[in-house]
Amino acid sequence: MPREKVTVPEQDGTMVEYEGVPLREILRKAGAPLGGQLRGKALTTYILAKAHDDYAVVFAIGEVDAAFANEQILVADKRDGKPLFGYQGPFRLVCPNDKAGARSVRMLESLEVVRLVK
Amino acid sequence: MMRRFWVLPLVALAGIATMNRRALSAEPEGGAYQWNLPKGFPKPYAPADNPMTAAKVELGRYLFYDQRMSVNGSESCASCHKQELAFTDGRAVGLGATGESHSRSAMSLVNIAYSATLTWSNPEMRSLEKQALVPMFGDHPVELGLHEGDSFLPTLRSDARYRELLERAFPGETDRLTIANVTMAIASFERSIISARSPYDRYHYLGEDNAVTDAAKRGETVFFNQHLSCFRCHGGFNFSDATMSEADPNRRVEFHNTGLYNLPGTLSYPAPNVGIYEFTKAPADVGKFKTPTLRNIALTAPYMHDGSIATLEGVIDHYAAGGRAHDNPNKDPVIGGFALTRQDRDDLIEFLKSLTDDAVLHDPRFADP
């Protein structure tokens, strides 16, 4: 899968480079509705990101689709070229455009693609 | 109703993760002052008109500890910033040379070079040189109680040691002992007080697995638990979101209302400690204060801006309750409360204790000359 890098500020203001695979590419590989498939009821799809400490957040599928918000959310496994460890990793989300850090889930363990059916 | 049709486990790929341990090493620099910073610690900011020099740091150390710097010879900067207490004073609120109490707790000076703003609640106070003038000359409250024209400058000028220190610190200047030079030297000394070699640093950056206890290692996991959110404000290498460095000296700082009070009326915090509202006059800023560093936090009791919580256990209980005045309308949404087992609480405290840097407490470079 394609790997990308993104540089973001940490809480202490230092700039850190994260490297990993775009969330969009992982979802595409898993068969989630993206591109031409993302219309109608498919737009009720969301991604539930869960962490090792049971922390969880959601993203709407439209946030990552190129035709909608096109957010460059990364599933990172490296920080400044080194593997993430301990309370950071081994995987974490990096949401460069989020003002708050709460959705940049650390210790990411799973991504569930869920469709809301009413 | 939800229908789940994919689950992508990431655990299987976890094997690629390896421990990222950074070695401490001296950083040779071209400039006059050797910061000797470990990796992971950026170069601190020093203003262009007051570059760091060893001579200014040394002069600043003498001034910092000199009780002739107060109106009645009873106090120095070190009276409220004691080395053995990580440059705090162990009191709930500071006490000036004339016996007047400050309304807030003396902040630690450890790693103050990395602080984007310097006081509990003044978002504009970003210069250590300017801040030094407040305890020296301030009247509300009186701290050192000096006045321009006092005898302290002539007294110091007649001291042969100061003449020597001044000549080295400010060579080429005709009148070396000026208020401006005094504040520049004190600021330089304060910037030199860097804490980067606590047991946690040795564990985290040097890979010394035995540097901290197993309880502290468990406590690290509690601290970085995303439900507790401690690290959201106390994050980064300096465990504070009010951190800056040479690379970003103008960084904007977030201040936080932690739900300590919720008094009826316009001001929900007891005056004069109303947070940055004192300066911004925005009602949403009532009760918002700076996030202090957690480095050496075990030594800086009592806690919070007014010393109103006596122990670390009390602080953790405060946050676990979502703030003791949890219904303050300005309370930061991050402080939502959490459940913690006794074991987790004890472990968290052990982690916080692992941030105590004995080297700073005993380093002769920072001691009373």
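Reply: A:Pro90 sits in the loop between strand E6 (82-83) and strand E7 of chain A; helices (H or I, at least four residues) and strands (E, at least two) are DSSP runs, numbered from the N terminus. The peptide bond joining A:Gly89 to A:Pro90 is cis, with omega about 5°. Most peptide bonds are trans, and most residues other than glycine have a negative phi. This is a predicted model, in which local features need pLDDT of at least 70 and side-chain atom pairs count only at pLDDT 80 or more, while totals for chains, interfaces and linings use all residues. Residues are numbered from 1 along each chain as its sequence is written, chains are lettered from A and ligands numbered from 1 in the order in which they are written, and side-chain values use heavy atoms, with hydrogens and water left out.

Chain A as a whole averages 93, and 100% of its residues score at least 70.

Elsewhere in chain A, A:Asn70 is not a glycine, yet has a positive phi of about 55°. A:Asn70 lies in the loop between helix H2 (61-64) and strand E5 (74-79) of chain A. Chain B has a cis peptide bond too, between B:His140 and B:Pro141, with omega about 0°. B:Pro141 is in the loop between helix H3 (128-137) and helix H4 (152-157) of chain B.

Rolling a probe the size of a water molecule over the atoms shows where empty space is left. On a 1 Å grid over the protein atoms alone, a cavity is a set of points where a 1.4 Å probe fits but cannot get out, and a pocket is an open set with protein on both sides within 12 Å along at least five of seven lines; lining residues have an atom within 4 Å of a point. Grid points are joined across faces, edges and corners, and a volume is the space filled by probe spheres set on the points.

The largest pocket has a volume of about 1,200 Å³. Elements giving two or more residues to its lining are strands E1 (4-9), E2 (15-22) and E7 (92-94) of chain A, with helix H9 (230-233) of chain B. H9(B) gives the largest share, three residues. Of the 42 lining residues, A:Gln11, A:Lys99, A:Ala100, A:Gly101 and B:Glu254 lie nearest the centre of the pocket. By class, the lining has 17 nonpolar, nine polar and 16 charged residues; Ala, Val, Leu, Ile, Met, Phe, Trp, Tyr, Cys and Pro count as nonpolar, Asp, Glu, Lys and Arg as charged, and the others, Gly among them, as polar.

There is one cavity of 30 Å³ or more, and the largest cavity has a volume of about 40 Å³. Residues lining this cavity include B:Tyr45, B:Arg126 and B:Met244. Its lining divides into six nonpolar, one polar and two charged residues.

Chain B averages a pLDDT of 89, and 91% of its residues score at least 70. Over residues 11-31 of chain B, pLDDT stays under 50. Where pLDDT is low, the predicted coordinates should not be read in detail.

Terms used:
pLDDT = per-residue confidence, 0-100. Contact = heavy atoms within 4.5 Å.
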